[in-house]
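Subject: Structure handover

Hello,

Please find the structure below, with the sequence. My notes come after it.

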Amino acid sequence: MGAILRALVVIGIGVAVALGLSLVVDGSDKQLFGMPALAGLAMLALVIQWLVFIPSYFTQTEIYYDLTGSLTYLLVVVVAVSTLTDSDPSARALLLAGLVSIWALRLGSFLFRRIRKAGKDGRFDEIKTRWPRFLVTWTLQGLWVFITLLAALVAISSPDPKPLGAVALIGCLLWVVGFIFEATADAQKSAFNSDPANRGRFVNVGLWRWSRHPNYFGEILLWIGVTVIAAPEFQGWQWLALISPLFVIFLLTKVSGVPLLEKRGDEKWGDDPEYQRYKRDVPVLLPRPPR
């Protein structure tokens, strides 16, 4: 009973955070699902996770977890552009929706192919057997989607959109560099792991000689780019939408990304002198040319 209660508390806090943020930064006078626009989008992101959680728990599979997250990004921005803008969406709204959609389709398809090939995701071995913990994980993914998208959603739903300018160009350049970094790093790691000669070895080729987590660096950079593009639309409390890239940075560097993979790496190769040399020579996140 204690586990269920704790799960419900975490879920309640997650919903409250999403709705609270949405109400504070919402500058639109439109409604969605009978709620203020951004609150409706927050609930959409959460409800999608809860609906997919049900069959996932009963079949004890995590195979659709990452795919659902990526498709939720896509659905939320499509709904935002189609319902929260005027009949002629602004160039900024279309640009942001396009960039988010490209990223979500690329990453979602990549992660789905990877888990289909592997058959499972080791992160969920214990979590998926206990429905309160599994439900919390899905809820946190919905919260992740909404907070990450918050800056873009504020700009998309702006009632008085501004024309694109030099700031948007800078944001686009950041996004492009980040996207290339993430996609290239993912492709290089997949190719490395697909080679039977590399079985049991750690990846240290290509961008992985520049950074131990170049894919995460790319993801952080592209979301900073999205926020830079969106920022000219911010007014007053909407500047709280800067939490979007900060949230991504926090999660990837302190919670679910770098710390988890660094721990796994130490468990697998901690006694390997070559791995210890790799850790000394290659920075954790910010890329640097190989020595």
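This is a predicted model: local features need pLDDT of at least 70, side-chain atom pairs count only at pLDDT 80 or more; totals for chains, interfaces and linings use all residues.

Residues are numbered from 1 along each chain as its sequence is written, and side-chain values use heavy atoms, with hydrogens and water left out.

Salt bridges. With a side-chain nitrogen of Lys or Arg required within 4 Å of a carboxyl oxygen of Asp or Glu, the count is seven. One of them joins R106 and D186 at 2.9 Å, N to O. R106 belongs to helix α4 and D186 to helix α6, so this bridge ties together parts 80 residues apart in sequence. Helices here are DSSP runs of H or I with at least four residues, numbered from the N terminus. R106 is buried at 18% relative accessibility, and D186 is buried at 6% (buried means under 20% relative accessible area, exposed over 50%, partly exposed in between, with a 1.4 Å probe and protein chains only). The charged end of R106 also sits over the ring of F110, 5.5 Å from its centre (CZ of Arg or NZ of Lys within 6 Å of the ring centre and within 35 degrees of the ring normal).

D266 and K279 form another bridge, at 2.8 Å, N to O. D266 lies in helix α9 and K279 in helix α10, so the two tie together parts 13 residues apart in sequence. Bridges with shared partners join R212, E262, D266 and K279 into one network.

Aromatic pairs. Rings of Phe, Tyr and Trp (its six-membered ring) pair if their centres lie within 6.5 Å; planes under 30 degrees apart count as stacked, over 60 as edge-to-face and the rest as tilted. That gives 17 pairs. Y64 and F112 are stacked, because their ring centres are 5.8 Å apart and their planes are at 25 degrees. Y64 is in the loop between α2 and α3, F112 in helix α4, 48 residues apart. One aromatic cluster consists of F53, Y57, F58, Y65, F134 and W138.

F202. This residue is in the loop between α6 and α7 and is buried, at 7% relative accessible area. Leaving out residues up to four places away in sequence, F202 touches F192, W269, D272, E274, Y275 and Y278 (heavy atoms within 4.5 Å).

Regards
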